[in-house]
Amino acid sequence: MLIVSETDDLHGTAMAATLREHHGLSPIHLDLRDFPREYGSFRLDRLGTTRSMSHLIGLDDVRSVWWRRPHLSAVPTGIRASDDAFRQAECDGFSQGMLWSIPAAWINDPGADRTASRKIVQLETALRAGFTVPETLITNDPDEARSFAESRPGPVVYKRTGTGRAEFAETRIIDRADFGKLTSIRTSPTTFQDYIDATCDLRVVWVDGVEWTVRIDSQAGVGRIDSRLDTSVEFAREQLPASVSKSLATLMGALGLSFGVIDLRLGRDGEYYFLEVNPQGQFAYLEIKTGLPLFRSLSNLLVHGDGAVPEY
């Protein structure tokens with residue numbers, strides 16, 4: 001078992017503990033930033049292939065991989081930017097290629113994970129899967145953004161378009177005072193979307209067909225626009241309507257994801273609106289809040305290929 005994540009990743013540490021407790025397995029934990037400080041080798045001959053990293057044991061025995069929070073290699077910089085770019089490409093080509101060549105069960109497949117993390121791909125696929133999606137504009141054109149905000153019948157929110165590990169940026173409602181700042185989107189394409197007046201938010205942890213749904217009473221606290229801002233409100237186990245579950249299964253299948261964390265919003269009009277899916281989203285706090293066996297479910301998928309937890 002291999003977990004590719006940051007050394008200090010809470011989810012990686014919790015998963016390692018779950019695998020030891022419930023499956024008697026001690027996973028390998030790899031932070032890709034350890035390369036090229038550590039030595040790595042890939043060898044191919046007529047007998048097959050071997051892989052090694054100097055600080056790890058057992059790469060060739062890996063049968064499943066949790067592609068949790070991968071980084072680029074941590075390549076020391078030099079004097080010339082072109083030389084730095086060359087070394088970075090060589091190191092990433094080696095470390096990623098060596099890992100991706102492992103004939104294991106991947107959660108998620110790195111190619112699918114990368115494509116599905118693009119918000120535009122998600123929204124287009126969710127719409128085709130039958131979800132209701134808020135009307136959206138993603139642009140770096142200030143004039144088009146202003147026109148969109150002014151033309152909508154209700155409030156419009158704006159939020160990040162990318163999924164990198166930049167500083168946290170909350171979702172906010174745009175008002176006229178913000179129009180003068182829209183020139184900043186020229187170099188930072190931004191997502192503008194109809195604000196959904198909600199009864200609650202829903203966060204769904206999808207484990208290869210097993211859906212664990214949590215209802216977040218977001219409208220009772222300061223997270224009315226962005227539920228991430230307030231975890232003091234009530235969190236409760238929930239079940240999705242069959243039609244929404246069907247759309248969810250279609251979406252995840254089309255994206256090629258066996259795991260993901262999906263954000264939905266239940267509008268006051270009774271519609272379940274799709275907001276986004278994070279192929280490796282945060283979910284530990286949901287288990288803490290509700291007692292749902294989320295780590296157990298994912299560990300079962302990693303070990304047995306099935307995320308079901310029999311006692312649930």
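Q: Which residues line the largest cavity?
A: The lining consists of Lys 119, Leu 123, Lys 159, Arg 160, Thr 191, Gln 193, Leu 275 and Glu 276. A cavity is a set of points on a 1 Å grid over the protein atoms alone where a 1.4 Å probe fits but cannot get out, and lining residues have an atom within 4 Å of a point. This is a predicted model, where local features need pLDDT of at least 70 and side-chain atom pairs count only at pLDDT 80 or more, while totals for chains, interfaces and linings use all residues. Residues are numbered from 1 along each chain as its sequence is written, and side-chain values use heavy atoms, without hydrogens and water.

Q: What volume does the largest cavity have?
A: Its volume is about 60 Å³, and the structure holds 1 cavity of 30 Å³ or more.

Q: Which elements each supply at least two residues of that lining?
A: They are α4 (119-128), β10 (190-194) and β15.

Q: How do I read a pair of aromatic rings?
A: You describe it by the distance of the centres and the angle of the planes. The structure holds 9 such pairs (centres within 6.5 Å; planes under 30 degrees apart are stacked, over 60 edge-to-face, the rest tilted). In one of them, the centres of Phe 283 and Phe 295 are 4.7 Å apart with planes at 45°, so this pair is tilted.

Q: Where do Phe 283 and Phe 295 lie?
A: Phe 283 is in the loop between β15 (272-278) and α8 (284-290), and Phe 295 is in helix α9 (residues 294-304), so the pair ties together parts 12 residues apart in sequence. Both are buried (under 20% relative accessible area, 1.4 Å probe). With Trp 66 and Phe 259, Phe 283 and Phe 295 form one aromatic cluster.

Conventions. Phe/Tyr/Trp six-rings, centres within 6.5 Å; stacked < 30°, edge-to-face > 60°. Helix = DSSP H or I, 4+ residues; strand = E, 2+ residues; numbered from the N terminus. Buried < 20%, exposed > 50% of the residue type's maximum accessible area, 1.4 Å probe, protein only. 1 Å grid on protein atoms, 1.4 Å probe; cavity = no way out; pocket = protein on both sides within 12 Å on 5 of 7 lines; lining within 4 Å. Points joined across faces, edges and corners; volume = space filled by probe spheres on them.
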